[in-house]
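Hi,

Here is the structure I said I would pass on.

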Amino acid sequence: MADSVQQIPAAGTDVSDEIKQFDVIIIGAGVTGLYQLYRLRQIGFSVRIFDDGGGVGGTWYWNRYPGARFDSESYTYGYSFSEELLQEWDWKEHYSGQPENERYLNYVADKFDLRRDIELNVRVASAVYDEVENRWQIQTEDGQRAKARFLIAAVGNLSAGYIPDFEGIDSFKGNWCHTSRWPKEGMNLVDKRVGVIGTGATAVQLIPQIADEVAHLTVFQRTANYCVPLRNGPIDPDWQRRIKASYPDILKKCTETPGGFMHQFDPRSALEVSEEERLEQYERLWAEPGFKKWLANFQDIMTPGEANEDYAEFVRNKIRERVKDPVVAEMLVPKDHPFGSKRLPCETGYYDVYNRDNVLLVNVREAQIERITPNGVETSEAEYELDVIIFATGYDAGTGSLTRIDIRGEDGQKIKEKYSGGPRTFMGLQSAGFPNLFIMPGAGAGNFTRGCEPLVEWITDCIGYMRENEFTRISATPEAEEEWTLYVSQASENLLRTKANSWFVGANIPGKARVLLGSPDSAPIMRAKRSEIAANGYQGFLLQ
Ligand SMILES: Cc1cc2nc3c(=O)[nH]c(=O)nc-3n(C[C@H](O)[C@H](O)[C@H](O)COP(=O)(O)OP(=O)(O)OC[C@H]3O[C@@H](n4cnc5c(N)ncnc54)[C@H](O)[C@@H]3O)c2cc1C
């Protein structure tokens, strides 16, 4: 039997005698959790969300660093479930920034009266499955307890911030923060010596925003990235009208593409056209905004091989053109992974920053960071004196936010131990031995909301089906889980996404198993597979 009574509160915490009861508990009030609450409430379930943020929005509540914004077109990222919402909300920029995104999700929470079922500033410490009652009991860090038949972990694929275990962080005399915990009141960087550790998508957004105001900026780079121009801009009234009139078309396009974006690959091979035609397309797409140069390009650029390398060289030359000092330019040119094998950072003024006198780029692959000192950062070659350190060091993606909760299923099995060799799930939905726990969504590579809406709808239908048919327990079978886990490892072998040491495969976290986080299948295939599972009476799951 599960050791449901052995939940240990944090030291000094009073555990409440009251145990609140719900049909469903959701952890997380981001894009996923909010929509899941809306859907389940619509079909009459009692639901409670717990979120450790001080407001709704998840990613868009936490990531307040300067420059945080979409790289999805705003109007393809917003929810599609309400025509009224689509028509009411005016996205102000093609790639909207964090403040507006947070406002949007607050607007959604108010419009659909979601707040009355959301508890904020509450961190779920543990979740234990009680086999006798067939219910999950969660306990929060502040000592609250609650039970529900179903538990939905909408805890975010990029929400468990990661800071490398540098010696001496606590000795640092200045201010420091991780970008995902940027304080609401901001960081005072004016005339300060600032260090940014990391050069992934976050740093690429942040660095150009702060280079102007700081006295000096030191950027510590381990891996150079391919970054492409975002070319953001305001949405004028005419565009706004056109977007609103074309939502059916925009959303249809998104359902047809592999990653839920509105860009369709060019079905031709980059290698079958003339060099002139190839370059013309590269340049034309380069001048366009957002991910087009990635996702509307020749299809074989997205597979490892000659076409990919040809385009990679085109991008490398674009970087070389932007950076005046050839030595610095070569440091910024990626040579150790294929183009598109990491989530592609979109930039606005990023490379130009390195032409400034107050910016220094330090290669920490050659001279590793050895420790944080009271005065700054020490590498194997030098000490860099700093007033502020910003850790743009990313996330323990996909599984991190789950394994940071003490989740115990049947026989007290811990999810953290179950995932020690990589996530073991059936279709990223459930793990065997953890009945009625839906984990969503594994680390995705696509346009998030387009992937999350159908998933939320599938789970809602599943729970509704169980009620109608008087089932109270759903559990992925060990066989289905084994088959899917094997499929993920085999099918991902040739994917571009597994060809870099990135968070897509957990490679940014020391000791984490190197496995594709998420699905090797495209969004349309995943939707079709899930529909088939449901149509076959939830094949791969045991219903009781
Ligand atoms: C800076 C940034 C930019 C991004 N830009 C894009 C983009 O342009 N396009 C795109 O498609 N995707 C983008 N993403 C991916 C993004 O994660 C998703 O778009 C989306 O916001 C995830 O929503 P979610 O609700 O699943 O999770 P989240 O938004 O991460 O919400 C999960 C919530 O659960 C909370 N939580 C976790 N554990 C606990 C616990 N134990 N107790 C209580 N609460 C808990 C978290 O604190 C968080 O508030 C971006 C991500 C980041 C970080």
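This is a predicted model: local features need pLDDT of at least 70, side-chain atom pairs count only at pLDDT 80 or more; totals for chains, interfaces and linings use all residues.

Let's start with Val515, which touches Gly421, Gly422, Phe504, Val505 and Gly506, if you skip residues up to four places away in sequence. Touching, or contact, means heavy atoms within 4.5 Å. Val515 sits in the loop between H17 and H18. Helices (H or I, at least four residues) and strands (E, at least two) are DSSP runs, numbered from the N terminus.

Residues are numbered from 1 along each chain as its sequence is written, and side-chain values use heavy atoms, with hydrogens and water left out.

Ser502 belongs to that loop too, between helix H17 (478-491) and helix H18 (523-535). Is Ser502 buried or exposed? Its relative accessible area is 6%, so Ser502 is buried (buried means under 20% relative accessible area, exposed over 50%, partly exposed in between, with a 1.4 Å probe and protein chains only). Beyond its neighbours within four places in sequence, Ser502 contacts Ser341, Lys342, Arg497, Ala507 and Asn508.

Now the helix at the end of that loop. Two packed helices are described by the angle between their axes and the distance between the axes. For helix H16 (residues 448-468) and H18, the axes come within 11 Å and cross at roughly 5°. That makes H16 roughly parallel to H18. The axes here are lines fitted to C-alpha atoms, for helices over the stretch in contact, and angles run from 0 to 180 degrees between N-to-C directions. Angles under 35 degrees count as roughly parallel, over 145 as roughly antiparallel, 65 to 115 as roughly perpendicular and the rest as oblique. On the H16 side, Pro454, Leu455 and Trp458 make the contact, and on the H18 side it is Arg527, Arg530, Ser531, Ile533 and Ala534. Sorted by type, the residues of this H16 and H18 contact are five nonpolar, one polar and two charged (Ala, Val, Leu, Ile, Met, Phe, Trp, Tyr, Cys and Pro count as nonpolar, Asp, Glu, Lys and Arg as charged, and the others, Gly among them, as polar).

Most residues other than glycine have a negative phi. Asp191 has a positive phi of about 60° although it is not a glycine, and Asn436 also has a positive phi, near 60°. Where do they sit? Asp191 is in the loop between strand E7 (175-178) and strand E8 (193-197), and Asn436 is in the loop between helix H15 (415-418) and strand E18 (437-439). Asp191 counts as exposed, at 60% relative accessibility, whereas Asn436 is buried, at 0%.

Leu217 lies in strand E9 (residues 216-221) and is buried, with a relative accessible area of 0%. Apart from neighbours within four places in sequence, its contacts include Val194, Val196, Ile207 and Leu360. Thr140 is in strand E5 (residues 135-140) and is buried at 2%. Which residues does Thr140 touch, not counting those up to four places away in sequence? They are Phe50, Val122, Arg123, Val124 and Ala125. Thr140 and Val15 are 125 residues apart in sequence, yet 9.0 Å apart in space, C-alpha to C-alpha.

Finally, the whole protein. It has 18 helices and 20 strands. The radius of gyration is 24 Å, close to the 24 Å that the globule rule gives for 544 residues, so the protein is as compact as a globular protein of that length. That radius is taken over C-alpha atoms, and the globule rule is 2.2 Å times the number of residues to the power 0.38. Buried residues make up 58% of the 544. Among contacts between residues at least 6 apart in sequence, 72% join residues at least 24 apart.

Happy exploring!
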